[in-house]
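Hi,

Here is the structure I promised to pass on. Have a look at it first, and then read my notes below.

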Amino acid sequence: MRGLAIETKGLTKRYGELVAVDNLNLKVQEGEVFGLLGPNGSGKTTTILMLLGLTEPTSGTVRVLGFDPVRQPLSVKSRVGYLPELVGFYDDLTARENMIYIAKLNGLPRGEAYRRIDEALEQVGLEEVADKPVATFSRGMRQRLGLAEILIKNPKLIILDEPTQGLDPEGAREFLGLVRKLKERGITILLSSHILSQVQKICDRVGLFYKGKMVLEGTVSELALKVLGSACRIRLEAQGSQEAIIKALKSIPGILQVRQPAPGLYEAEAEKDLRAEAVRAVVEAGGNLRGLEIEEPSLDEIYTHYFEKVEVER
Amino acid sequence: MTLKVSREGSPWKGLWAVVTKEMADHMSSARMQILEILIALTAFGTVYATIQEIRAVVGHDPFLFLRLFTVRKDPLPAFVGLLGFLIPLVAIALAFDAVNGEFNRRTISRVLAQPIYRDALLFGKFLAGFFTLAIMLLTIWLLVMGLGLIFLGVPPRVEEVVRSLFYLGACLFYGGIWLAVALLFSVIFRQPATAALASMAVWLFFTAFWGMIADALAPVVRPIRFGLPEEYLAQFQASLALSRFSPNILYGEITLALLSPEVRALGPLLAFQLQGAILGTPLPLSQSLMLVWPHLTGLIASTILLFALSYVLFQRQEIRA
């Protein structure tokens with residue numbers, strides 16, 4: 001069994017009357033990509049700062065890689081790479097100089113530091129501008145430089161706060177591609193975002209934040225099942241007896257609902273990916289299959305739906 | 001589970017990384033280069049003028065090199081007078097955007113996410129400013145001494161060198177106070193311009209107004225009821241004590257006692273206290289030092305206090321911008 005990279009119990013942060021983070025119980029497995037999602041001001045950044053020991057919790061406990069960030073902040077911070085929201089650099093220094101400063105703060109010996117810096121710059125594709133002042137960098141380049149700077153620590157856990165903020169779609173896609181590569185190296189990644197659709201693809205599990213509370217947690221299909229009532233939607237285009245096809249589809253265990261938006265088109269809400277079963281059922285019911293599609297629900301949809309429910313219940 | 005009260009590791013981890021980075025920034029910044037040029041020019045100008053004035057007394061005056069700092073030739077002020085203005089200016093310029101600058105560049109969370117404590121960042125920034133100031137003052141001192149050697153044609157005596165080095169130390173801690181003031185305001189105010197203006201305001205207050213306020217307060221603290229000489233003396237001493245809350249006054253008195261060895265006291269002297277004294281003879285170095293020892297401790301203590309205050313405020317600050 002894999003260990004826990006992050007574990008919080010009853011973590012709470014109050015700023016006077018305002019409860020920024022409310023009784024948070026979060027568990028992140030080693031090696032997984034966990035997304036903290038939610039609107040701005042829902043407590044994501046405060047949670048991250050508490051994980052790093054940059055803000056003290058009002059109550060509750062935190063364990064990061066087995067260390068307590070309140071009492072052992074140096075152990076935590078030397079193993080965790082953190083990319084703040086809209087990260088800033090010393091603009092008059094070059095990319096390399098900025099990284100050398102960080103390497104020195106980490107106490108890396110000079111030769112080792114230079115080797116790691118070159119490596120990291122190459123990984124994020126900035127080796128050609130390494131000796132240019134950061135003032136000339138675009139937002140996307142800064143974000144990648146931030147990632148490179150994290151890599152020189154050889155971190156076990158990387159925390160990214162709104163990493164795609166301010167990036168154009170192409171830049172965001174590129175950046176998330178880099179993050180995916182890190183995941184393949186077995187690094188645990190915690191990222192926060194309010195742009196759900198962008199991060200949906202790379203997160204193993206997500207937690208949805210609302211007003212300081214984690215209101216939903218799990219894989220995207222688990223959440224979809226919980227909130228929307230189905231994990232995916234199978235679209236079929238088939239010719240044949242409509243009644244027989246609908247009946248056959250409905251009889252598959254795990255299919256929750258079947259609709260017919262247009263003649264010859266069928267939509268089945270399913271608990272999981274049941275494409276193979278659906279195809280077999282249609283064929284056995286004497287239908288001619290013309291097309292098959294599966295649609296996974298977007299986090300946006302889940303989120304919107306969830307909050308509609310919350311608002312109605314109030 | 002027992003609660004561990006102590007923090008892990010040393011608060012000084014990463015200190016030298018911060019100090020060297022900040023010093024490199026100071027040395028290469030346009031702001032400091034302008035100030036350095038300004039100071040070098042004033043040093044050269046005033047000292048050159050002074051040399052014209054004191055050349056006549058070469059051979060008579062045992063403290064020729066100290067006169068380089070203190071003698072003025074109209075219309076130029078004496079070099080020490082100029083330094084009294086320039087040191088606070090430089091110190092404030094070194095620190096007014098130290099902490100708020102990190103917030104504004106959004107680098108603070110990135111730096112503090114490294115395995116260092118906040119202590120190292122703040123103290124590193126202070127030390128970097130302090131060392132920069134020290135290097136600058138030492139350069140000026142060498143410049144003045146060098147000019148003296150060339151134009152006066154006599155070497156300085158050991159006592160002159162030691163006296164002027166003590167004066168240099170006093171300058172450094174006088175600068176340290178303004179460095180700490182600017183650092184404090186850079187922690188309090190998010191806008192560097194506000195911090196700079198606030199530091200300047202404090203400096204102006206002590207330069208221009210504190211003397212007047214001390215004079216106005218003295219009669220309240222020690223009123224003259226019967227017109228006795230004791231009352232006048234007490235009032236004068238109260239005014240003096242109050243005025244010494246200003247670092248400018250302290251610094252001025254240190255300068256006077258260290259660079260003008262004939263000065264025997266920094267307060268009122270009564271006739272009987274001068275009995276047996278040969279007027280105009282210089283005090284030995286150790287006695288001059290005794291005279292300014294409380295002043296020096298005062299300067300150093302205020303620097304430490306001001307730094308401690310900014311330290312406390314910085315520790316309590318939320319990192320998120």
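Let's start with one residue: is Ser59(A) buried or exposed? Keep in mind that this is a predicted model. Ser59(A) has 11 other C-beta atoms within 10 Å. The cut-off for calling a residue exposed is 12 or fewer, so Ser59(A) is exposed. You'll find Ser59(A) in strand 4 of chain A, which covers residues 59-64. Leaving aside residues up to four places away in sequence, Ser59(A) touches Gly10(A) and Thr12(A). Leu126(A) is another story: 67 residues along the chain from Ser59(A), with 42 Å between the two C-alpha atoms.

Now for helix 4 of chain A, residues 110-123. Its 14 residues should span 20 Å at 1.5 Å a residue, and the C-alpha atoms at its ends are 20 Å apart, so the two agree. Which residues of helix 4 of chain A are buried? They are Ile117(A), Ala120(A) and Leu121(A). Looking down the axis of helix 4 of chain A, the buried residues fall within an arc of 95 degrees, so they line one face of the helix. A handy thing to remember is that an α-helix has 3.6 residues a turn, so residues three or four places apart point the same way. The buried residues of helix 4 of chain A pack against helix 3 and helix 5 (139-151) of that chain. On the other side of helix 4 of chain A, Gly111(A), Glu112(A) and Arg115(A) are exposed. Just after helix 4 of chain A comes Gly125(A), with a positive phi of about 75 degrees.

Next, the contact between the chains. On chain A, 23 residues are in contact with 22 residues of chain B. Helix 1 (44-51), helix 2 (73-79) and helix 3 (95-105) of chain A each supply at least two residues to the side of chain A that touches chain B. That side of chain A has 13 nonpolar, 7 polar and 3 charged residues.

Finally, the whole of chain A. It has 11 helices and 13 strands, and buried residues make up 44% of its 314 residues. The C-alpha trace of chain A spans about 75 × 50 × 35 Å along its principal axes. Of the contacts in chain A with a separation of 6 or more, 69% are between residues 24 or more positions apart.

Cheers

Conventions. Residues numbered from 1 in each chain as written. Chains lettered and ligands numbered in written order. Predicted model: local features only at pLDDT ≥ 70, side-chain atom pairs only at ≥ 80, totals over all residues. Contact = placed C-beta atoms within 7 Å. Helix = DSSP H or I, 4+ residues; strand = E, 2+ residues; numbered from the N terminus. Nonpolar A, V, L, I, M, F, W, Y, C, P; charged D, E, K, R; others polar. Buried ≥ 20, exposed ≤ 12 C-beta atoms within 10 Å, placed from the backbone. Expected span 1.5 Å × (residues − 1). Arc of directions from axis to C-beta.
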